[in-house]
Amino acid sequence: MKVTIDNITIEVEAGTTIMQAARKIGPEVAPPAMCYYEPLKSSGGKCRACLVKVTAGSEKDPRPMPKLVPACITQVQDGMIVENAINEQVIETRKGVVEFLLLNHPLDCPVCDQAGECHLQDFSFEHGVASTRTVEERNTFEETDLGPHIKLNKNRCILCYRCVYTADQITDGRVHGVMHRGDHAEISTYIEQAVDNDFSGNMIDVCPVGALTDKTYRFKSRVWFSKPVDAHCSCDKCSGNVILWYRGDEVIRVTSRKNEWGESLEFICNTCRFDRKKTSDWTIEGPSKISRNSVISANKYGANLIRPAFPIQHAAQNFKQIEDDRDRSFLNIPTSLPAAEK
Amino acid sequence: MKILTEHIDVPNIETIDVFMKHGGYQAVTKALKNMSPDEVTEEVKKSGLRGRGGAGFPVGMKWSFLAKPEGVPRYLVCNADESEPGTFKDHYLMAKSPHTLIEGMIVSSFALGANTSYIYVRGELMYVIHILEKAIQEAYDKGFLGKNILGSGYDLDLYVQPGGGAYICGEETALLESLEGKRGNPRNKPPFPAVKGLWQCPTVVNNVESISATSWIVNNGGDAYAAIGEGRSTGTKLISVSGHVKKPGVYEIPLGITVEDFIFSEEWCGGIRDGHKLKAVIAGGSSVPILPAELILTTANGEKRRMTYESLSDGGFATGTMLGSGGFIVMDETTCIVHNTLTFASFYHHESCGQCSPCREGTGWMDKVLHRIESGEGRKEDVDLLVDVAKKIEGNTICPLGDAASWPVAAAIRHFRDEFEWHIEHPELATKPGAVYMRPGASWSN
């Protein structure tokens, strides 16, 4: 099947979604995703961040689709033509989605634990506008604990339902979900029940914002001060492939490994995540691959290092003859020497 | 011409004996004994009956889209979750004459080959649910429901399911989720219910009024039904009238009468209450665009507007509206459009399921901004802000609730912008109790 996205044509299998096809081409044409999470079945379609314009439905029926469609759940047809970053309507709508998502989301990134690895932060930086049009007060909720390991801040929650799907599909029983409706909807447990099972920690990893945070890590460090290192252990519950986040010699956090779209492909167990925090528990593989654009790579592994070749070249190109003051200094003028030495 | 409400005022019509005395259940006998399911579907197609729930999609065509894989059950679900502000026709019909719906359910289920069917009734109507359950028991006792109905070999079980009272569960996929016992969130489409509906099986969801009309169509033929009405708007429609008319209530009208006749003639609404003038009408339930007096009576090109799907939507949203579900709300000159719009915005804010972000956040935003304008704290830029927010919700949501929430706001500003601006510029006048803006020179002001 051939599909054209932003004038780039790619061959994909039947049943591929527009999102998957666009990600195959590359990050330049991949629509943003706030709720869609490829490893989780039936996720997506909710945040409307990935709305794209289909200007031709298929080879057989080349009529454009009347509405913008969510790229994450719309399957491609042979000969489909999609516009993402080049379509004015899509860009305008996306600005609107950013605005809607931030409407009740506190703009306190400097004190938020997720800052630096927050998808909403990236999304609003790339697609939003710098100003706000609202004067309304934000809806607020109380902070709560979801079991012994996870802190829930409902103010930051964007209701992507990822943690709900994770609990449904990864853990052996979901005890939390979405209560109430509309903008007063909230993530909550069933009658104050504790979320406690071996894979509950993955809810923290799938959360795109700072709503679900790791209680063993909260406020210990900004993410860009820690060093991510790939490591593994032989675990009888999960794959044991993780990222260790070091601050100095101390492992301050353990998370699952994520692909370039920020999705965990292997979920890890709570023992690995919360209890194995010594280097001796792990076999170190080497530094994790982090996008160069990410703030996490700042000052690490040469990401922002100025290469030595560059300043030399720069100096050579910008060389100017400079006047040497010493030529005129009295010290060099023989007559100014003390008389005694003459 | 009355089809659904012909015998509605007969005493005890809710009992099966009285109902059968007035020709009830003849359609069941006729369809099950003399017709094949395809023949019933064909008659419904011929009748041109369109979905009475709001969208107006042809019922026969919807039925023909139903996937029929071998060995997979099919379902018919009746959408009786009527919760649109201004619409109360199904409530009236079910409470007064429950057997009309049950007869229609049997005939329609037979046409679709469904052996289990559901009537999903909104939770607030508990007394209607009791009436329906009693009527269903009567139908079981007479052998119109259950195994081998009338010896035809066709089995049907009919259940009534109360909803939890959420507006969103009137959206067909949210209704199916709720019927399955889950949270009533609309599903992503495709797949459509005709392919994967209730419990992932092919399902048809129809409105009470649409299903009720099918028994008359079986009795009298699709052509007889198509002879009533006008053009592609065939048959009769129940209109629930509320607001400042002399005789509010539920009326069954043949489609095609003029709006002017409907509002002012003695046969129907009997005109605006004494001493007042018509200001605006919401023709099809709270979600359709409001129209000012001059545009509801005549279209933009000067024709008399008629009660049909086509005529009411003539001119698109710029100068037209929709027939919708038939919730006809009439307002006289004492109505403040800003307040009215705020009421609707608050309703949609409260009823948004919160699944997709434009609707979840946008409905709340519009509600808050309108509340500020109404209470005299509006800013100049708020009117354009509302238009822009409505535009960014419309068409970008999973289900039509986003559209339904944005249309009334956008339309009110489109036709009554001066009234919003007056509220913002003169908060001291606008916040006085009962204060209403009078547009200079308008037909309703003097």
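In this predicted model, Asp388(B) and Arg133(A) are joined through their side chains in a salt bridge, with 2.8 Å from N to O. Between chain B and chain A, the count of salt bridges is four. Polar contacts are also found across this interface, where 22 residue pairs meet the rule, both partners being at pLDDT 80 or more. Sorted by class, the residues on the side of chain B that touches chain A comprise ten nonpolar, 14 polar and ten charged.

The size of an interface is often given as the accessible area lost when the parts come together. For chain B and chain A, the buried area is about 2800 Å², and carbon and sulfur atoms give 49% of it. The contact involves 34 residues of chain B and 34 residues of chain A.

With a relative accessibility of 5%, Cys359(B) counts as buried, because the cut-off for burial is under 20%. Apart from neighbours within four places in sequence, the residues in contact with Cys359(B) are Ser352(B), Ile393(B), Thr397(B), Leu401(B) and Gly402(B). His276(B) stands 83 residues away from Cys359(B) along the chain, and 37 Å separates the C-alpha atoms of the two.

The buried residues are Thr173(B), Ala174(B), Leu175(B), Leu176(B), Glu177(B), Ser178(B) and Leu179(B). Their cover includes four strands of chain B, namely strand 1 (75–80), strand 2 (116–121), strand 3 (157–162) and strand 4 (203–207). Just after helix 8 of chain B comes Gly181(B), which takes a positive phi of about 95°.

Chain A, for its part, can be read domain by domain. It is divided into domain 1 (2–96), domain 2 (105–130 + 140–214) and domain 3 (220–330). Where domain 1 of chain A meets domain 3 of chain A, the contact takes nine residues from domain 1 and six residues from domain 3. The area buried between these two domains of chain A is about 620 Å², with 61% given by carbon and sulfur atoms. Three residues stand out on the domain 1 side: Arg23(A), Tyr37(A) and Pro39(A) supply 76% of the area that domain 1 of chain A buries against domain 3 of chain A, more than any other three residues.

Arg23(A) also takes part in a salt bridge with Glu263(A), whose closest N and O atoms are 2.9 Å apart. The count of salt bridges between domain 1 and domain 3 of chain A is one. Polar contacts between these domains number three residue pairs, again with both residues at pLDDT 80 or more. The side of domain 1 of chain A that touches domain 3 of chain A is made up of six nonpolar, one polar and two charged residues.

Terms used
Residues are numbered from 1 along each chain as its sequence is written. Chains are lettered from A and ligands numbered from 1 in the order in which they are written. This is a predicted model: local features need pLDDT of at least 70, side-chain atom pairs count only at pLDDT 80 or more; totals for chains, interfaces and linings use all residues. Side-chain values use heavy atoms; hydrogens and water are left out. Domain bounds come from an automatic or database domain assignment. Contact means heavy atoms within 4.5 Å. Buried area is the accessible area (1.4 Å probe) that two parts lose on being put together, summed over both. A polar contact is a pair of N or O atoms within 3.5 Å; within protein, one must be able to donate a hydrogen and the other to accept it, and residues adjacent in sequence count only if both atoms are side-chain atoms. Ala, Val, Leu, Ile, Met, Phe, Trp, Tyr, Cys and Pro count as nonpolar, Asp, Glu, Lys and Arg as charged, and the others, Gly among them, as polar. Buried means under 20% relative accessible area, exposed over 50%, partly exposed in between (1.4 Å probe, protein chains only). Helices (H or I, at least four residues) and strands (E, at least two) are DSSP runs, numbered from the N terminus.
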